[in-house]
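I opened my notebook to look up a few parts of this structure.

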Amino acid sequence: MKVNEMIAAIESGQFDENLKAVYVTDAFVAEQKPRYVQTLREFGELFGADRDVSIMSAPGRTEVCGNHTDHNNGKVLAASINLDAIAVVSENNEDIVRVKSKGHRMNVVDLGDLEPDESRFGDSTSLVAGVAAGIRNLGYTVKGFDAYTTSDVMGGSGLSSSAAFEVLLGAVVSFMFNDGKISAVDIAKVAQFSENVFFGKPCGLLDQMAASVGTFVTIDFKSTENPVIKKVNFDFSKSGHSLCIVDTGGNHSDLTDDYAAVRGEMESVAKALGKNVLREISYEDFFAAIPALTGKVNDRAILRAIHFYNENKRVDNAIECLENGDFDGFKQIILDSGKSSFELNQNVYTPKNPTEQKLSLALAVSEEILRGKGAWRVHGGGFAGTIQAFVPNDMLDTYKTTMEQIFGDGTCHVLIIRPVGGTQVM
């Protein structure tokens with residue numbers, strides 16, 4: 001379809017079922033339609049309204065369980081969400097890729113020159129080049145295209161806006177030039193390759209995999225070269241709950257040392273026992289060694305190691321609950337995970353500024369409202385930023401209103417677990 005034809009089809013409801021397959025509810029579909037129309041119009045203004053176009057989407061993600069475990073080869077449960085990046089795309093019959101993201105400059109990549117360049121590390125154009133190179137390395141077809149993208153995945157929220165962008169590019173190449181045959185796992189690995197090799201950021205695979213695979217996904221990082229990836233089938237729309245991410249507005253500055261200390265202290269325990277990471281040591285051997293560890297490593301390191309081992313068990317138990325349709329059991333595991341993060345992993349506030357505890361406040365207020373009915377925990381890296389809450393739908397208005405009275409209008413984001421990852425919408 002041409003740009004204006006697709007706009008008319010969206011406005012007439014022709015693509016409502018396509019949108020509902022991605023965004024689940026009629027309310028979310030209604031919210032998305034004006035956004036899709038506007039993105040099409042902006043593509044037309046930039047590249048021409050006479051172009052035949054397609055629209056792709058890739059979601060942000062939320063960590064559900066497995067807080068601070070991946071860096072020690074642990075287990076993680078994550079899920080895709082309804083906030084996403086979308087791209088209006090058209091083949092251009094050139095050997096050039098042009099990607100214009102709303103609010104950013106144009107990224108232009110020559111497909112005849114797909115080599116990493118350290119001088120361009122940190123440049124989003126490198127991400128585009130890296131995805132193209134990674135897919136071509138797998139033996140798939142990569143041709144030139146023009147794309148205009150928009151994203152409602154909030155940056156700095158722990159919802160992985162960069163992974164959504166990378167997976168979106170992978171979906172574009174898969175559906176435009178390879179009949180959608182590139183697997184979600186391969187797209188995620190290509191996205192990681194792009195970020196590591198072309199962008200210069202040594203990220204793991206969690207964010208990209210959750211965005212690419214969709215719905216609930218668990219990853220076991222025992223082998224970092226070949227992590228075990230499993231899609232968890234659970235229809236969140238039937239749970240009677242909404243997922244809320246609350247942005248507490250905490251100060252994110254100067255937290256690098258706090259994040260590094262979590263990993264470093266866990267690894268200090270492993271090294272004291274002759275290994276590199278905790279996953280190389282059984283829980284039984286670790287626990288038996290605690291008397292010998294005391295004095296060799298700091299006390300917090302031992303507490304964080306206890307969190308690591310029990311959090312891995314909680315991931316397994318959460319998966320079992322979801323697969324058995326036991327959402328009450330799942331919520332209890334989320335509560336246990338949050339309690340462990342607070343008491344053992346200690347990543348709810350920074351010891352550099354102990355009087356600023358916005359995450360602690362958000363968790364305490366959540367408990368007052370949701371006790372016995374919902375679940376709440378720190379979200380992502382912690383120390384500042386966001387919390388996650390599973391809120392019964394009949395309590396949603398009360399919860400959202402209360403949290404926004406404390407943290408400000410628009411700080412409580414009501415989400416759903418999206419059933420699909422990177423995909424072609426229309």
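I counted two residues as in contact when heavy atoms lie within 4.5 Å. The model is a predicted one.

**Entry: helix H7**

I began with helix H7, residues 206-213. How many of its residues are buried? I found 7 of the 8, so I took buried as under 20% relative accessible area. The buried ones are Leu 206, Gln 208, Met 209, Ala 210, Ala 211, Ser 212 and Val 213.

Next I looked up what covers them. The cover includes two helices, H5 (161-177) and H6 (184-198). It also includes the strands E1 (54-65), E2 (75-91), E6 (216-220) and E7 (228-232). Just after H7, I noted Gly 214, which takes a positive phi of about 90°.

**Entry: strand E2**

E2 was in that cover, and I followed it up. Of its 17 residues, 16 are buried, so the rest of the structure largely encloses E2.

Which way does E2 pair with E1? I found the antiparallel sense, over 10 bridges. In this pairing, Ser 57 has Ile 86 of E2 as its bridge partner.

E2 also pairs with E6 in the antiparallel sense, over 5 bridges. There I saw Lys 75 opposite Asp 220 in E6.

E5 pairs with E2 as well, again antiparallel, over 7 bridges. Here Glu 91 stands opposite Phe 145 in E5.

**Entry: helices H1 and H3**

I turned to a helix pair. Two packed helices are described by the angle between their axes and the distance between the axes. H1 (residues 3-11) and H3 (residues 26-47) pack at about 170°, and their axes are 10 Å apart. That angle makes H1 roughly antiparallel to H3.

Which residues make the contact? From H1 I listed Val 3, Met 6, Ile 7, Ile 10 and Glu 11. From H3 I listed Lys 33, Tyr 36, Val 37, Leu 40, Arg 41, Phe 43 and Gly 44. I sorted the contact residues of H1 with H3 into 8 nonpolar, 1 polar and 3 charged.

**Entry: salt bridges**

Side chains of opposite charge can pair when their charged atoms come close. The count of salt bridges comes to 31. I looked up several of them.

Arg 35 forms one with Asp 152, and the closest N and O atoms are 3.5 Å apart. Where do the two partners lie? Arg 35 is in helix H3, and Asp 152 is in the loop between strand E5 (145-151) and H5. The pair links distant parts of the chain, 117 residues apart. I checked the accessibility of each partner. Arg 35 counts as buried at 16%, while Asp 152 is partly exposed at 25%. I also noted a network of salt bridges that links Arg 35, Asp 84, Asp 152 and Arg 418.

Asp 146 and Arg 98 meet in another salt bridge, 2.9 Å from N to O. Asp 146 lies in E5 and Arg 98 in strand E3 (residues 96-101), so this pair ties together parts 48 residues apart in sequence. Is Asp 146 buried or exposed? I found it buried, with a relative accessible area of 3%.

My last pair was Glu 367 with Arg 371, whose closest N and O atoms are 4.0 Å apart. Glu 367 counts as partly exposed at 33% relative accessibility. Arg 371 counts as partly exposed at 46%.

Methods: Residues numbered from 1 in each chain as written. Predicted model: local features only at pLDDT ≥ 70, side-chain atom pairs only at ≥ 80, totals over all residues. Heavy atoms only, no water. Buried < 20%, exposed > 50% of the residue type's maximum accessible area, 1.4 Å probe, protein only. Helix = DSSP H or I, 4+ residues; strand = E, 2+ residues; numbered from the N terminus. Axes fitted to C-alpha atoms, helices over the stretch in contact; angles between N-to-C directions. Parallel < 35°, antiparallel > 145°, perpendicular 65-115°, else oblique. Nonpolar A, V, L, I, M, F, W, Y, C, P; charged D, E, K, R; others polar. Salt bridge = Lys/Arg side-chain N within 4 Å of Asp/Glu carboxyl O. Pairing = 2+ DSSP bridges.
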